[in-house]
Amino acid sequence: MSQPSVLVTGASSGIGAATASALAARGRRVFGTHRQPRASADPAVEWLEMDVCDDASVTTGIAHVMNAAGRIDAVVCCAGFGIFGSVEDIDLDDAQRQFDTNFFGVLRVLRAVLPGLREVAANGGDARVVLVG
């Protein structure tokens, strides 16, 4: 079987960046997503632009990984952000953006990758889903 491939959302910073780098160092073929490229991005990670808040972007990103690797063995959903403050001080638009990213973004990605993960598992592979929240 060829090198396992992993999709890591939100891989351009924080936990996502650390996860992508660690998986690449362990011999996985890692596809890291970002909304905007960073100059300091890990060169061991294959980078693709993908916005988890956009259906077409997620579909295109998953198709890119499938074309490049033939399968996705695991997905690590790290895309997300926090807003902090008291309820009366938080801007409603910011809260809606956070919910779209942190909840619906995960849902979009999972809906797109689950058929392929099921196929990997059905063929004796070790399919994984990791949600970071």
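Q: Is Phe104 buried, partly exposed or exposed?

A: Buried means under 20% relative accessible area, exposed over 50%, and partly exposed in between, with a 1.4 Å probe and protein chains only. Phe104 has a relative accessible area of 35%, so Phe104 is partly exposed. This is a predicted model, in which local features need pLDDT of at least 70 and side-chain atom pairs count only at pLDDT 80 or more, while totals for chains, interfaces and linings use all residues. Residues are numbered from 1 along each chain as its sequence is written, and side-chain values use heavy atoms, with hydrogens and water left out.

Q: How is the pair of rings of Phe103 and Phe104 arranged?

A: Rings of Phe, Tyr and Trp (its six-membered ring) pair if their centres lie within 6.5 Å; planes under 30 degrees apart count as stacked, over 60 as edge-to-face and the rest as tilted. For Phe103 and Phe104 the centres are 4.9 Å apart and the planes stand at 80°, so this pair is edge-to-face. Phe103 is itself partly exposed, at a relative accessible area of 42%.

Q: How many aromatic pairs does the structure hold?

A: There are three aromatic pairs. Among them is Phe99 with Phe104, whose ring centres lie 5.7 Å apart with planes at 80°, so that pair is edge-to-face. Phe99, Phe103 and Phe104 form one aromatic cluster.

Q: How many salt bridges does the structure hold?

A: A salt bridge is a side-chain nitrogen of Lys or Arg within 4 Å of a carboxyl oxygen of Asp or Glu. The structure holds six salt bridges. One of them joins Asp55 to Arg108, with the closest N and O atoms 2.8 Å apart. Asp55 lies in helix α2 (residues 55–69) and Arg108 in helix α3 (residues 92–122), so the pair ties together parts that are 53 residues apart in sequence. Helices are DSSP runs (H or I, at least four residues), numbered from the N terminus. Asp55 is exposed, its relative accessible area being 53%.

Q: Which residues do salt bridges with shared partners join into one network?

A: Arg108 also meets Asp100 in a salt bridge, at 3.1 Å from N to O. Asp100 is partly exposed, with a relative accessible area of 22%. Through shared partners, salt bridges join Asp55, Asp100 and Arg108 into one network.

Q: Are Asp73 and Arg71 buried or exposed?

A: Asp73 is buried, at a relative accessible area of 6%, and Arg71 is buried, at 14%. Asp73 forms a salt bridge with Arg71, the closest N and O atoms being 2.8 Å apart.

Technical notes. Helices (H or I, at least four residues) and strands (E, at least two) are DSSP runs, numbered from the N terminus.
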